[in-house]
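Please look through the sequence and the 3D structure below before reading on.

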Amino acid sequence: MHIAGVAFAYPERTVSNAEMLQIVADQSREGFQGDLNVALQTIEHYLNYIGSVNRHWLAEGEQAFTYTERAINDALDQAGLEKDDIDLLIHASVDKRVIEPAMAFFVAKAMGMHKTQCFDVTEACGSWTRATQIAQAFLASGQFKNILIVTAEYACHEGQPLAQNHKLTSLADLEWAFASYTVGEGSTATILTADGDKPWQFDNRTFTQFADLCMSPIIDDDIETMRMGDLSMAGKGRLRFMSYGKKMQDNTIGDLEEMMRENPIPVDEVDLFIPHTNTLTAWRDLEKRLDKKIPYMFMLPEYGNLVTNSVPAALAVAEKEGRLERGHKVTALMTAAGMSYTRYNFVY
């Protein structure tokens, strides 16, 4: 499978760690139980610990589709294709504005792709990765020739679902709310075409026993059976995002190390290694445990946790920075809520 074009577009507005802390302070001051300064110091410590510096959010008056359209047009230009050449559009994001029919239909409608087949893929941060697996099968079958995968994550800025977590009620909320402060916004577009000489190799692992460690429930019904005995406001409907990041990492770090050790290509011999944009510290610790110098492409410091944008955005930025060229060997390791891990190798 060949990447004919890949583009990343994101808002210019930059939210620093200092601004993120001020937002939480302003939102939490009223009604906070305990010492708010301790909570803010704790957030600051962990942002620095994981390597977070900035994240990009929409500014007031901006429209998310501005960046989605820009990414799609950039990818089409790279691929030398017209909109009508796209015969399948897959929308692969956590952020969705409609449940029915599918976000892909509205993206296609807005782009004037009125004959393009459409559907959505949802698998938390791993949605783009799963969409590429589906695309490879479709392309191999000959059913489609040019597949466009779109990701668009804009749930962080003021008034959006993740912004609910900017208001803390106590220090204990940080166990599940902290991840919200690391997330950045943006859109990607990836155009895939068939290439039987360059099959992507995937290794998937799933841990459904940890499904309730990270989620965004739509409604409150039966939520008690979904959460791990947590009676706080974590995950209580209305798309309130919660993520017990440390528990997720502690329960599966051994599997992550095993997947890296068992990679068909030694991880220090690939040209680019793309990890999920959730933390630098854990990936650096794995590098030490493996005793290898890994050519990581870290997006977290400047762009934040990019959710489903993580891998395609890293590809686009790495090529722009001169770190990625055609023919390079790439390994990506996506960790996602559910939980699911996918390690995959391909030639760019």
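In which loop is Pro 101 found? In this predicted model, Pro 101 is found in the loop between strand E4, residues 88-91, and helix H4, residues 103-111. The peptide bond that joins Glu 100 to Pro 101 is cis, with an omega of about 5°.

A cis bond also leads from Gly 338 to Met 339, where omega is near -15°, and Met 339 belongs to the loop between E12 and E13. Such places are worth a careful look, because most peptide bonds are trans and most residues other than glycine have a negative phi.

The backbone also has positive phi values in residues that are not glycine, among them Ala 124, with a phi near 50°, and Asp 291, with a phi of about 55°.

| Site | Angle | Value |
|---|---|---|
| Glu 100 to Pro 101 | omega | about 5° |
| Gly 338 to Met 339 | omega | near -15° |
| Ala 124 | phi | near 50° |
| Asp 291 | phi | about 55° |

Ala 124 is placed in the loop between strand E5, residues 117-120, and H5, while Asp 291 sits in the loop between H8 and helix H9, residues 300-303. Is Asp 291 buried or exposed? Asp 291 has a relative accessible area of 70%, and because a value over 50% counts as exposed, this residue is exposed.

Gly 142 lies in the loop between H5 and strand E6, residues 147-153, and its relative accessible area of 52% makes Gly 142 exposed. Between Gly 142 and Ser 310 there are 168 residues of separation in sequence and 28 Å in space, taken from C-alpha to C-alpha.

We can now turn to the sheet. Four strands form an open sheet in the order E8-E13-E12-E11, and their pairing is mixed. Strand E8, residues 201-206, and strand E11, residues 272-275, stand at the edges with a single partner strand each, so one side of each has no neighbour in the sheet. From one strand to the next, the twist averages 10°.

How many bridges join E8 to strand E13? There are 6 bridges between E8 and E13, the latter spanning residues 340-347, and these two strands run antiparallel. One of the paired positions is Thr 206, whose bridge partner in E13 is Ser 340.

Helix H5, residues 127-141, lies across E8, E13 and strand E12, residues 329-336, and runs at about 130° to E8. H7 packs on the sheet as well, touching E8, E11, E12 and E13, and its direction makes about 30° with that of E13.

H7 has a helical partner too. Helix H7, residues 245-261, packs with helix H8, residues 280-290, at an angle of about 50°, and their axes are 11 Å apart. This angle makes H7 oblique to H8, and the crossing of the two helices is right-handed.

Which residues of H7 meet H8? From H7 come Gln 249, Ile 253, Leu 256, Glu 257, Met 260 and Arg 261, and they meet Ala 282, Trp 283, Leu 286, Arg 289 and Leu 290 in H8. The residues of this contact divide into 7 nonpolar, 1 polar and 3 charged.

Methods: Residues are numbered from 1 along each chain as its sequence is written. This is a predicted model: local features need pLDDT of at least 70, side-chain atom pairs count only at pLDDT 80 or more; totals for chains, interfaces and linings use all residues. Side-chain values use heavy atoms; hydrogens and water are left out. Axes are lines fitted to C-alpha atoms, for helices over the stretch in contact, and angles run from 0 to 180 degrees between N-to-C directions. Angles under 35 degrees count as roughly parallel, over 145 as roughly antiparallel, 65 to 115 as roughly perpendicular and the rest as oblique. A crossing is left-handed if the near helix is turned anticlockwise from the far one by less than a right angle, and right-handed if clockwise. Contact means heavy atoms within 4.5 Å. Ala, Val, Leu, Ile, Met, Phe, Trp, Tyr, Cys and Pro count as nonpolar, Asp, Glu, Lys and Arg as charged, and the others, Gly among them, as polar. Two strands pair if DSSP finds at least two bridges between them. Buried means under 20% relative accessible area, exposed over 50%, partly exposed in between (1.4 Å probe, protein chains only).
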